[in-house]
Amino acid sequence: MNYFKALSESEYDQLTEGVSLIAVLMAGADGNLEEEELSWGERVSEIRGYAEPNELNSFYSDAHADFSTNVNTWIEKLPEDNDESLRILSDRIAKLNPLLAKLDPRVAHLLYTSFKSYAGHIAKASGGFLRFFSVSGTEKKYIELPMLDEIVFHEEDE
């Protein structure tokens, strides 16, 4: 079953690009684009292509396939002013809300929680003890992806 059939091809591409956008947002949140965080974001997107619940396997495989291209494109087009870059990335990620709303509520909830978890993995990829488990103040502001509308789903909703 195609869990994303409610989306057009361009909408699906926009949704998969969201993975790269979240990686760039979290890697650059503290004003210094962290290469280790981007590398970890790419690795996590690859892992999620086969380790996520079945509904998200192909989604993350597709997101991973374009990850480097999307990340590099966004890094090149973002302004040097970090606050402006964070605003642009946040606004672009917020544009995923209508796309998530088109999905089956259970799949939308899985993807929403997966995005938040993904942001957390990237934020913890550098700094701290042995360069792990430290989240900067600015990263804390974005780690919960406040630009995305919360999607709550209960099994009894089915």
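**View 1. Helices α2 and α3 cross in a left-handed manner.** This is a predicted model, in which local features need pLDDT of at least 70 and side-chain atom pairs count only at pLDDT 80 or more, while totals for chains, interfaces and linings use all residues. Residues are numbered from 1 along each chain as its sequence is written, and side-chain values use heavy atoms, with hydrogens and water left out. Helices are DSSP runs of H or I with at least four residues, numbered from the N terminus. A crossing is left-handed if the near helix is turned anticlockwise from the far one by less than a right angle, and right-handed if clockwise. Helix α2 spans residues 35-51 and helix α3 residues 54-65; their axes are 7 Å apart, at an angle of about 150°. Axes are lines fitted to C-alpha atoms over the stretch in contact, and angles run from 0 to 180 degrees between N-to-C directions. The two helices α2 and α3 are therefore roughly antiparallel (angles over 145 degrees; under 35 counts as roughly parallel). Glu 42, Ser 45, Glu 46, Arg 48, Gly 49, Tyr 50 and Ala 51 of α2 meet Leu 56, Asn 57, Tyr 60, Ser 61 and His 64 of α3 (contact means heavy atoms within 4.5 Å). The residues of this contact are 4 nonpolar, 5 polar and 3 charged.

**View 2. Helices α1 and α7 pack with their axes 9 Å apart.** The angle between α1 (residues 9-28) and α7 (residues 105-123) is about 30°, so α1 and α7 are roughly parallel. Their crossing is right-handed. From α1, Leu 15, Val 19, Ile 22, Ala 23, Met 26 and Ala 27 meet Leu 111, Phe 115, Tyr 118, Ala 119, Ile 122 and Ala 123 of α7. This contact between α1 and α7 has 12 nonpolar residues, no polar and no charged (Ala, Val, Leu, Ile, Met, Phe, Trp, Tyr, Cys and Pro count as nonpolar, Asp, Glu, Lys and Arg as charged, and the others, Gly among them, as polar).

**View 3. The largest pocket is lined by 14 residues.** Leu 33, Leu 78, Pro 79, Asn 82 and Ser 85 lie nearest its centre. Helix α5 (82-94) supplies the largest share of the lining, 4 residues. By class, the lining of the largest pocket has 7 nonpolar, 5 polar and 2 charged residues. On a 1 Å grid over the protein atoms alone, a pocket is an open set of points where a 1.4 Å probe fits, with protein on both sides within 12 Å along at least five of seven lines; lining residues have an atom within 4 Å of a point.

Technical notes:
Parallel < 35°, antiparallel > 145°, perpendicular 65-115°, else oblique.
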